[in-house]
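Subject: Handing over the two-chain structure

Dear colleague,

I am passing on to you the structure that I have been reading through, and below it you will find my notes on what I found. Please keep it open beside this message as you read.

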Amino acid sequence: MALLEAKGLTKRFGGLVANENVTVEIEKGTITAVIGPNGAGKTTFFNMITGFYEPDEGEILLNGKSIKGLRPDQIAERGITRTFQNIRLFKQMTALENVMVGKHSRLSAGMLGILLNAKRVREEEERARVEAYQLLEYVGIADIANEEAGSLPYGLQRRLEIARALATHPQIILLDEPAAGMNPRETVEMTAFIRRMRDELNLTIILIEHDMKLVMGLSEYIHVLDHGQKIAEGTPEQIRTNPQVIEAYLGKAATEVS
Amino acid sequence: MVKQVIANATGSLFKDRQVPLLLTLLWIASFTLALYILEKSVLAFMGILLSLLLVYYTKTSQTVKVVLGALILLVLIPLVAGDNRYYMEVATQVGIYVAMALGLNIVVGFAGLLDLGYVAFFAAGAYAYAIFATAQANHFIPGDLFPLGGEWFWPFLLVGLIVAALFGILLGLPVLRVKGDYLAIVTLGFGEIIRIIFNNLNKPINITNGPQGLTPVATPVLFGVQMNTPFYYYFIVLFVIAFIVLANIRFERSRLGRAWIAIREDELAAQSMGIPLLNTKLAAFAAGASFAGVVGVIFAAKQTFIDPTSFTLMESIGILVMVILGGSGSIPGVVLGAAFVTILQVQLLKEFSNFLHGLNSSGVISLPNQLDPSKFQRLVFGILLILAALYRPNGLIPAKRNINDIEAIKKSRFAKEKLGILANLNEGKRQSG
C-alpha cells in the first residue's frame with residue numbers, strides 16, 4: 001500500500017479549475033517531484049494535501065486513512081509537513097525558537113502547567129530546546145541559533161525552514177521549490193542535502209521544482225501537471241522523452257521538430 | 001570629582017545602556033529622602049517611580065534588580081508615601097492600568113489580535129463582584145443573602161478571573177473567525193454591546209441596576225481589618241501585578257507563548273507547524289480577559305460604586321495606547337507605557353493645570369478657561385502617539401526575543417542522544433554498525 005494516495009482530486013475556484021481529477025500515489029521512502037509549467041496547479045495540489053484547501057472532489061489517504069477535510073494543524077500532527085515557495089519563517093523569533101515552534105504538536109504543556117512551571121513542563125521545554133538545537137546542527141546552521149530569523153541570508157532561511165519542518169517529526173515532507181533563488185553551487189548543496197535527509201531520517205519527500213537539473217538528478221519518480229490535469233508520470237528517463245511533457249513545456253511545434 | 005562621576009555615569013549609560021549600581025542606589029536614596037522631607041513634592045514622588053526604570057537598566061544581576069525593585073515597591077514607597085492618600089491612590093491607579101495593559105499585551109502584543117473591546121472583560125470582572133457584594137443580587141436570588149461581606153472579596157478575585165475568561169471564550173468563538181482590521185471592528189462592536197447590555201439589564205429582571213449603577217460595593221476585609229484606604233489597595237494591586245507579570249513571563253517562554261507569536265508572525269506557517277488557530281487564539285483571549293477580570297474586581301471594591309460609564313470605548317483605546325506606546329509584546333515596555341500614560345493622565349496634567357491656575361489667580365498670567373491643560377488630554381495623547389510612531393515605532397522598550405544559552409543546551413542531560421526525528425540517525429548507525 002502506498003504511504004500517501006490522492007485519488008481524483010479536483011479543486012475549482014469559481015470558473016477556474018485549478019486541479020482536475022489528479023491521482024497520485026507516493027511510496028514510502030521515495031523522492032517524488034511534481035512538475036509543470038507556471039499555473040499548472042502544483043501549489044494547489046500541495047495545498048490540498050496539507051489541508052489549506054479542501055478538495056471539491058476526491059479523496060486523500062495517509063496510510064490508508066482519509067485525511068480529507070482535516071485542518072492543516074491536524075494534518076501536521078499526522079505527519080505531513082511542508083515548506084513554502086516564498087519562505088515563511090517567524091521573522092521576529094530567533095532561529096532556535098522557530099524550530100521549537102515546529103515541536104508544538106509534540107509537546108503537551110497546558111496553561112496550568114505553564115503557570116505553575118511544573119517539573120514536567122520544564123523538562124519538556126529543555127528537551128525541545130536540545131532537539132531544536134540538534135536540528136539546527138543537522139541542517140548546518142547551529143552557529144546562528146540566536147539570530148533573528150528575518151535577518152538571516154536567504155540560503156540559511158531555506159535551511160531553517162527545513163529544520164523547522166523536521167521538528168514536527170513528519171513522515172512526509174513537501175518542499176515547495178526548495179532551490180528557488182539559489183545559485184548553482186547552493187542548488188547542488190541543497191540537492192545533496194535533500195537526498196541525505198531522506199536516507200538518514202527515513203523520510204518521504206515530495207517536491208515542486210522548476211530547476212530541471214535538480215528534478216532529474218534527485219527525484220525517483222515524477223508527476224507532471226498541466227492546466228490542472230496530470231498529463232504524465234514516470235521515472236526521470238520516461239518523463240524526459242515523453243512527447244506530451246515536451247509539448248506542455250515548449251509548445252506543439254517543439255514536438256514536431258523533435 | 002563629582003564631574004568625573006557624572007561623566008563616567010553618562011559615558012557608561014550611553015555605551016551599553018546600563019546604569020552603574022551606585023548611581024541607582026544614590027538616586028533611590030536621594031528621592032526617598034526628598035519625598036520624606038518635602039511631603040507634597042510631586043517631583044520627588046515621580047523620582048521614586050522613575051527609580052524603578054533605573055533599576056531595570058542597572059548593571060547588576062537579575063536577582064539584585066528584583067530585590068531592589070521589591071524594596072522600592074514594598075518598603076520605601078509605603079514608608080514615605082503611605083500616609084499620603086493621594087500618592088497611594090495614584091500608585092494604585094497606575095497598578096490597575098499596568099495589570100490591564102499586561103493582559104491586553106497577551107492578546108495584542110503576543111498573539112497580534114487587535115482587540116478594541118478589551119474593557120468588556122474588565123467590566124465583566126467588576127460586575128461579577130459588584131452584583132454580589134451589594135444588595136443587588138437579592139433582586140434575582142431569593143432569600144436575602146446579599147450583600148456578601150468583605151471577606152468574599154478574596155474568593156471573588158478568582159470568580160472575576162473565571163467569569164472574564166468565560167466572557168473571553170464566548171466572545172472569541174464568533175469573533176476570532178475574522179482577521180486583522182475586521183477583528184478590530186468586530187471586537188469594538190462587541191465591547192460596546194456588552195456595555196450597553198450592562199446598561200439595560202435592569203429589566204425585565206434587575207441584574208445590573210442599569211445606568212444607576214451599583215453601590216455600595218463591599219470593601220475587602222482580611223482578618224477582620226477593613227481594607228478601605230488606598231494604602232491597602234496599593235498592596236492588593238501589587239500582589240496581583242506580581243502574579244500577572246509572572247504569568248506573562250512564563251507564558252512568553254512556553255509552548256503556548258511561542259504559538260501566539262508564531263500566529264502573529266505568520267498564520268499559514270503556524271498552522272502547518274501543527275498549531276490549531278482557533279484554540280490558540282481563544283487561549284490568548286481567555287488569558288488576557290482573565291487578568292482584566294481580576295483587576296475589575298479590585299476596581300469595583302476600590303471605587304465602591306460602578307456603572308456602565310466606566311467601561312467605554314475610550315478606556316479600551318487608552319489601554320491599547322499604553323501597550324503600543326510602551327512596546328507591543330514587551331513586558332517591561334508595557335509596564336512603562338501603562339505607568340507613563342496613567343501618571344500623565346491622573347497626575348502630571350492635573351498638577352500642571354493647578355499650577356497654571358495658581359499663577360492665574362495670583363494675577364501673573366491670565367489663562368482663559370479653554371486653555372486649561374487638563375482639557376487637552378486627548379491632544380497630548382495624540383501628539384505622544386505621533387511622536388512614538390515617528391521616533392520609537394517599536395515602543396519605549398521594544399520587545400526582545402529571548403536569547404537561549406547555547407552552552408547550557410550543549411551541557412543538558414538530554415543532549416547525549418539524538419532526539420525527535422533525529423533518533424532515526426542512531427538507528428541507521430546501529431544497522432550499519
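How many bridges join strand 4 of chain A to strand 5 of chain A, and in which sense do these strands run? The model that shows this is a predicted one, and in it strand 4 (residues 57–62) is joined to strand 5 by 2 bridges, with the strands running antiparallel.

Strand 3 (residues 31–35) and strand 9 (residues 221–226) of chain A run parallel and are joined by 4 bridges, whereas strand 9 and strand 10 (residues 229–234) of chain A pair in the antiparallel sense over 5 bridges.

Turning to chain A as a whole, you will count 11 helices and 10 strands. Its C-alpha atoms fill a box of roughly 70 × 40 × 35 Å along the principal axes, and its radius of gyration of 19 Å agrees with the value near 18 Å that a compact globule of 258 residues would have. Of these 258 residues, 45% count as buried, and among the contacts between residues at least 6 apart in sequence, 65% join residues at least 24 apart.

Chain B, for its part, has 17 helices and 2 strands. Its radius of gyration is 25 Å, close to the 22 Å that the globule rule gives for 433 residues, so chain B is as compact as a globular protein of that length. The C-alpha trace of chain B spans about 90 × 75 × 45 Å along its principal axes, and 43% of its 433 residues count as buried.

Chain B is divided into domain 1 (1–81) and domain 2 (86–405), and the centres of these domains, taken over C-alpha atoms, are separated by 28 Å. Where they touch, the contact takes 9 residues from domain 1 and 10 residues from domain 2 of chain B. On the domain 1 side, helix 3 (42–56) and helix 4 (62–81) of chain B each supply at least two residues, and helix 3 gives the most, with 5 residues. The residues of that side divide into 9 nonpolar, no polar and no charged.

Which residues touch the most other members of the largest nonpolar core? This core has 192 residues, and the ones that touch the most other members are A:L136, B:A99, B:A101, B:Y129, B:V295 and B:I298. Helix 5 (residues 85–110) of chain B provides the largest share of the core, 17 residues, and the core also draws at least three residues from each of domain 1 and domain 2 of chain B. For B:Y129, the contacts beyond its neighbours within four places in sequence include B:F156, B:G160 and B:V217.

Finally, there is the contact between the chains, which takes 48 residues from chain A and 37 residues from chain B. Several helices of chain B each supply at least two residues of its side, among them helix 9 (230–252) and helix 17 (423–432), while the largest share, 7 residues, comes from helix 10 of chain B. The chain B side divides into 21 nonpolar, 9 polar and 7 charged residues.

One residue of helix 9 of chain B is B:I249, which counts as partly exposed because it has 14 C-beta neighbours inside 10 Å. B:I249 and B:S330 are 81 residues apart in sequence, and their C-alpha atoms are 9.9 Å apart in space.

With best wishes

Key. Residues numbered from 1 in each chain as written. Chains lettered and ligands numbered in written order. Predicted model: local features only at pLDDT ≥ 70, side-chain atom pairs only at ≥ 80, totals over all residues. Pairing = 2+ DSSP bridges. Rg over C-alpha atoms; globule rule 2.2 N^0.38 Å. Buried ≥ 20, exposed ≤ 12 C-beta atoms within 10 Å, placed from the backbone. Contact = placed C-beta atoms within 7 Å. Nonpolar A, V, L, I, M, F, W, Y, C, P; charged D, E, K, R; others polar. Domains from an automatic or database assignment. Core = buried A, V, L, I, M, F, W, Y, C linked by C-beta atoms within 7 Å.
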